[in-house]
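Thanks for making time for this.

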Amino acid sequence: MVEGGMKCVKYLLFLFNLIFVIAGMGLIAAGAYVKIKLDQYYDFFGSDYMGPGILLIIVGVFIFLLAFFGCCGAIRENYCFTMTFAVSLGIIFVLEIAGGIAGFVLRDDIEKEIDDILTKSLKNLHTSSGLNKTWDVLQEEFHCCGANSSDDWEKIANMKPPQSCCSKAKADCHSPLLPDEIYPEGCVNKFEDWLKDKVAIIGGVGIGLAFVQVVGILFACCLARAIKKEYEVV
């Protein structure tokens, strides 16, 4: 009876680790996506915003490798591997809860920071050709113009809005742009909303995955206990 129960837990833990492998691959993909997207705006943020994407990739790789320990522990009925897996899951659980909470808290700090960064980049526009290209990417992708409005180009950068502010097909755009051809919204709010959504998703996935891991910890502990009892009987 005990042996049958141990086999059941063993197979459940193996199945859980299969799901865990998929989750790890998902985190790696999500981290790569975030990093690639934020790399487009490196001239705005430098390396300050590169951390989240890299962290997701590292956590994904670690979870992927950790699942290997869990599978080995389950298949070989190895007490050491199984307990290593359980303890490591517990540590990751704490870190993911802390990271998820921090992500939701930091959402409130994004608004002021993005506004300051974009406004400052307009002031320094003449010092870097990269900033001009990054502004073009931002305005074309988010269909916006200037930091808070198209007026920022003349007030802050002392120049007419660039062609990337044109809301029509490029062939229909005048140079300089006419008022009705310019995107009416500034980029701060649009970029903030996009960034907040991504932070919320990452935070939610982190917390959700952390609670799923509790199931894995319980399975691992049950299996380790059963393995230990079997060793003691032998």
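Let me start with Ser121, which sits in helix 4, where helices are DSSP runs of H or I at least four residues long, strands are runs of E at least two long, and both are numbered from the N terminus. Before I go on, please keep in mind that this is a predicted model, in which local features need pLDDT of at least 70 and side-chain atom pairs count only at pLDDT 80 or more, while totals for chains, interfaces and linings use all residues. Residues are numbered from 1 along each chain as its sequence is written, and side-chain values use heavy atoms, with hydrogens and water left out.

Is Ser121 buried or exposed? Ser121 counts as buried because its relative accessible area is 5%, the cut-offs being under 20% for buried, over 50% for exposed and partly exposed in between, with a 1.4 Å probe and protein chains only. Its side chain reaches the backbone oxygen of Leu118 at 2.7 Å. If we leave aside neighbours within four places in sequence, Ser121 is in contact with Phe44, Leu131 and Trp135, contact meaning heavy atoms within 4.5 Å.

Now to the chain as a whole. Its secondary structure comes to seven helices and zero strands, and of its 234 residues, 41% count as buried. Among contacts between residues at least 6 apart in sequence, 74% join residues at least 24 apart. The accessible surface, calculated by the Shrake-Rupley method with a 1.4 Å probe and, for residues, with only the protein chains shown counting as cover, comes to about 12,900 Å², of which 66% belongs to carbon and sulfur atoms.

On that surface, Leu15, Leu18, Ile19 and Ile22 make a nonpolar patch of about 390 Å². Patches are made of residues with over 30% relative accessible area and no salt bridge, joining nonpolar side chains (Val, Leu, Ile, Met, Phe, Trp, Tyr) within 5 Å and like charges within 9 Å. Leu18, one of these four, belongs to helix 1 and counts as partly exposed because its relative accessible area is 48%.

How many salt bridges does a search of the whole structure find? It finds two, a salt bridge being a side-chain nitrogen of Lys or Arg within 4 Å of a carboxyl oxygen of Asp or Glu. One joins the side chains of Glu154 and Lys160 at 3.2 Å, N to O, and Glu154 is partly exposed at 43% relative accessibility. The other joins Lys190 to Glu185, with the closest N and O atoms 3.9 Å apart; Lys190 is partly exposed at 24%, as is Glu185 at 44%. The C-alpha atom of Glu185 is also separated by 5.7 Å from that of Ser149, although the two residues are 36 apart along the chain. Ser149 lies in the loop between helix 5 and helix 6 (152–155).

Finally, some backbone details. Most residues other than glycine have a negative phi, and most peptide bonds are trans. His143, in the loop between helix 5 and helix 6, is not a glycine and yet has a positive phi of about 50°. Asn158, in the loop between helix 6 and helix 7, likewise has a positive phi, near 55°, and counts as exposed because its relative accessibility is 63%.

Conventions. Polar contact = N/O pair within 3.5 Å; in protein donor to acceptor, adjacent residues only side chain to side chain.
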